[in-house]
Amino acid sequence: QQQPAAAVYSPSSPVVTIHPYQFAAIRTDAKRTWIFEAYASWCGHCQAFAPTLESLASNLSTYSATVAVGAIDCAYYRDACIAIGVSGFPTLFVWGGAHPPLASNT
């Protein structure tokens, strides 16, 4: 499935596009910590936060073997976002690595 045209992050963005089928692998990834945003493409706060997440992804790119920065569009993957506990936008998650899963409504 392709992301909707209104996605906040472009294909050239340093932020990795996350799809629901990747959740299990990301959550249990022992070698890489994932920092990812659950956003809605229509959300003004999410649009305003996008440059910050892109800057973080760019700054951490030299550590790509151990940390990754991604995002999932909950306007497109609504059910999958509800299943992982998203109740507001944007929500940041830290999964994988040596950390138990964390979530924060920013």
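The legends below walk through several close-up views of this predicted model.

**Figure 1. The overall layout: the protein has three helices and five strands**. Let's start with the whole chain before moving in. Read from the N terminus, the elements follow the order β-α-β-α-β-α-β-β. The protein has 106 residues, and 40% of them count as buried. The views that follow visit strands, rings, cysteines and a charged pair.

**Figure 2. Strand E2 is covered on both faces**. Which residues sit on each side of E2? On one side you will find Thr-33, Ile-35, Glu-37 and Tyr-39, while Trp-34, Phe-36 and Ala-38 lie on the other, and all are buried. Because seven of the seven residues of E2 are buried, the strand is largely enclosed by the rest of the structure.

**Figure 3. Strand E3 (residues 67-73) is likewise a run of buried residues**. From E3, Val-67, Val-69, Ala-71 and Asp-73 point one way. Ala-68, Gly-70 and Ile-72 point the other way, and both groups are buried. With seven of its seven residues buried, E3 is therefore largely enclosed by the rest of the structure.

**Figure 4. E2 has strand partners in both E3 and E4**. How many bridges link E2 and E3, and do the strands run parallel or antiparallel? Seven bridges join E2 and E3, and the pairing is parallel. To follow this pairing by eye, look for Ile-35, which stands opposite Val-69 in E3. Another place to look is Ala-38, whose bridge partner in E3 is Ile-72. With strand E4 (residues 91-96), E2 pairs in the antiparallel sense over six bridges. Here Thr-33 is a handy landmark, standing opposite Gly-96 in E4.

**Figure 5. E3 also pairs with E1**. E1 and E3 run parallel and are joined by two bridges. Find Val-16, and its bridge partner in E3 is Gly-70. Gly-70 belongs to the group that points the same way from E3 as Ala-68 and Ile-72.

**Figure 6. Tyr-9 and Tyr-39 form one of eight aromatic pairs in the structure**. How do the rings of Tyr-9 and Tyr-39 meet? Their centres are 5.4 Å apart and their planes stand at 85 degrees, so the pair is edge-to-face. Tyr-9 lies in the segment before strand E1 (16-17), and Tyr-39 belongs to strand E2 (residues 33-39), so the pair ties together parts 30 residues apart in sequence. Both partners are tucked away from the surface: Tyr-9 is buried at a relative accessible area of 6%, and Tyr-39 is buried at 2%.

**Figure 7. Phe-93 and Trp-95 meet edge-to-face**. Their ring centres are 5.6 Å apart and the planes make an angle of 70 degrees, so this pair is edge-to-face. Phe-93 counts as buried at 3% relative accessibility, as does Trp-95 at 1%. Now widen the view: ring pairs link Phe-23, Phe-36, Phe-93 and Trp-95 into a cluster. Trp-95 also has a charged neighbour, with the charged end of Arg-27 sitting over its ring, 4.0 Å from the ring centre.

**Figure 8. Cys-74 and Cys-81 are joined by a disulfide**. How many disulfides does a search of the whole structure find? It finds one, joining Cys-74 to Cys-81 with an S to S distance of 2.1 Å. The angle about the S-S bond is -80 degrees, and the link is left-handed. While looking at cysteines, note Cys-43, which is buried at a relative accessible area of 6%, and Cys-46, which counts as buried at 0% relative accessibility.

**Figure 9. Arg-78 and Asp-79 form a salt bridge**. The count for the structure comes to one salt bridge. In this pair, the closest N and O atoms are 3.8 Å apart. Are the two partners buried or exposed? Arg-78 counts as exposed at 54% relative accessibility, and Asp-79 counts as exposed at 59%.

Definitions and conventions
Residues are numbered from 1 along each chain as its sequence is written. This is a predicted model: local features need pLDDT of at least 70, side-chain atom pairs count only at pLDDT 80 or more; totals for chains, interfaces and linings use all residues. Side-chain values use heavy atoms; hydrogens and water are left out. Rings of Phe, Tyr and Trp (its six-membered ring) pair if their centres lie within 6.5 Å; planes under 30 degrees apart count as stacked, over 60 as edge-to-face and the rest as tilted. Helices (H or I, at least four residues) and strands (E, at least two) are DSSP runs, numbered from the N terminus. Buried means under 20% relative accessible area, exposed over 50%, partly exposed in between (1.4 Å probe, protein chains only). A charge sits over a ring if NZ of Lys or CZ of Arg is within 6 Å of the ring centre and within 35 degrees of the ring normal. Two strands pair if DSSP finds at least two bridges between them. A disulfide is a pair of cysteine sulfur atoms within 2.5 Å. A salt bridge is a side-chain nitrogen of Lys or Arg within 4 Å of a carboxyl oxygen of Asp or Glu.
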